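Hello,

Here is the structure I promised to pass on.

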Amino acid sequence: MQAGIERSEIAAAKRWVVKVGSALLTDDGRGLDQKIIAALVAQLADLRSKGCEVVLVSSGAVAAGLVRLGWRGRPTALHDLQAAAAVGQSVLVQSYENAFKDYDIATAQILLGHDDVLARDRYLNARGTLTTLMRLGVMPIVNENDTVVTDEIRFGDNDTLAALVANLIDADALLLLTDQQGLFDADPRSHPDAKLVQQCDVHAPELDDMAGDGGVLGRGGMVTKLRAARLAARSGTETVIALGREADIIAKVARGDNIGTWLRTGKQPQNARKQWLAGMLRVPGSVELDDGAVRVLRESGRSLLPVGVRAVQGNFQRGDMVACRDSQGREVARGLINYSAVEARQLQGQPSSAIEDILGYQGDAELIHRDNLVIL
Ligand SMILES: Nc1ncnc2c1ncn2[C@@H]1O[C@H](COP(=O)(O)OP(=O)(O)O)[C@@H](O)[C@H]1O
Ligand SMILES: N[C@@H](CCC(=O)OP(=O)(O)O)C(=O)O
């Protein structure tokens, strides 16, 4: 752990999904709270300026729609809810667009449904669009496509949607901002003496007994936040649940402060050698991996073989530190390479059994051995 940083895994996160719940954004239904929006936008712009990529998942369409239509209370009929969401979604994105303009950040509205994140072709499409928007410096603002979903296929709560978005873009961290300081050991609305859980393994069974359901307008309460954290953990995404009204909450969470509830994925902390490798500054080249190799590196911690490499950039020698990038150019790992750049180019895409024929000598089977590789 770095000195002064209590949660180094969170402090190291580069790709974020930040989810803002209805309970926070609308103060339990009293229309959109523009002050909160302005405060959150300032913090999101700040997070971006620190080199992080961010996707915002924002609820609040139904709540904003109710106020715009002059309705009191949340209707129960699906079509009324959908009408309110359709009206409110424009109000919502307009508010964000106005606020982000002050930071010269363009926004994009992304309305997603069940199939968009669960069917493979649409999944790839949604992923491509989100990563392109991030690369362009645009702030994607995601909500469920409430207007067209039917009861059977709606997520209903945006916690689940945010977790699926985190899976979609392989986020490092998911921040669920709500109207509570985090997950308490009982619902604080009915148990004023409940205690905040500062951190816990996301899969710990005792969490299920603590999480209760939601407030007036929020849908899922802590039950869906816990479920979302477990979903997010599938892509190695760490989850923090925190109070959105706390001053500078996003910066505090992102710098690894001990605030809110951290639901840990339980990934093995890096050993000292790997931390050292990760911190090496001179990286004279990189290799581009195919999707299979990215998956193998991330999920099974194996060595990088030449067969998983599609391209080689830069000029390096055997033993140099080389970045391993995915097809979108994101660095997924780095390590000490066993071959020079000239040799690596000859070996890319080839099985290890062909190394001797290609180079004229029997070198290492791995391009980068797992002991010399650190996953980022
Ligand atoms: N164990 C718990 N700890 C904290 N809050 C809880 C717990 N169980 C239930 N809740 C409720 O969850 C609510 C937050 O969820 P929700 O209303 O869905 O908000 P959001 O719109 O931000 O998703 C809190 O206001 C609280 O009443
Ligand atoms: N799509 C809905 C969000 C549903 C909802 O209330 O979610 P949440 O506040 O995250 O529990 C809306 O924009 O109103």
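**What I found**

The UniProt record, in an unreviewed entry, lists "domain: PUA" at residues 285-368. UniProt positions are given in the numbering used here, feature names are shortened, and annotations may be inferred rather than shown by experiment. Over residues 285-368 the chain is 26% helix and 26% strand, with the end C-alpha atoms 13 Å apart. Helices (H or I, at least four residues) and strands (E, at least two) are DSSP runs, numbered from the N terminus.

Before going on, please keep in mind that this is a predicted model: local features need pLDDT of at least 70, side-chain atom pairs count only at pLDDT 80 or more, and totals for chains, interfaces and linings use all residues. Residues are numbered from 1 along each chain as its sequence is written, while chains are lettered from A and ligands numbered from 1 in the order in which they are written.

Now to ligand 2. It is surrounded by 20 residues, and the closest are Ser 22, Ser 59, Ala 61, Val 62 and Asn 158; a residue counts here if its C-beta atom, placed from the backbone, lies within 6 Å of the ligand. Two or more residues of this shell come from each of α2 (22-25), α4 (61-69), β4 (139-144) and α8 (158-168). The most come from α4, which gives three. Sorted by class, the shell has six nonpolar, nine polar and five charged residues. (Ala, Val, Leu, Ile, Met, Phe, Trp, Tyr, Cys and Pro count as nonpolar, Asp, Glu, Lys and Arg as charged, and the others, Gly among them, as polar.)

The record also has "binding site" annotations. One, from an unreviewed entry, covers Ser 59, Asp 146 and Asn 158. These are spread over 100 residues of sequence but cluster in space, the largest C-alpha distance being 10.8 Å. Ser 59 sits in the loop between β2 (53-58) and α4. Another, also from an unreviewed entry, is at Lys 19, Thr 178 and Asp 179. Here the spread is 161 residues of sequence, yet they cluster in space, with a largest C-alpha distance of 12.1 Å. Lys 19 belongs to strand β1 (residues 15-20).

Gln 34, Ile 37, Ala 38 and Val 41 of α3 meet Ser 95, Tyr 96, Ala 99 and Phe 100 of α5, contact meaning C-beta atoms, placed from the backbone, within 7 Å. The residues of this contact divide into six nonpolar, two polar and no charged.

Best wishes

Note on methods
Two residues are in contact if their C-beta atoms, placed from the backbone, lie within 7 Å.
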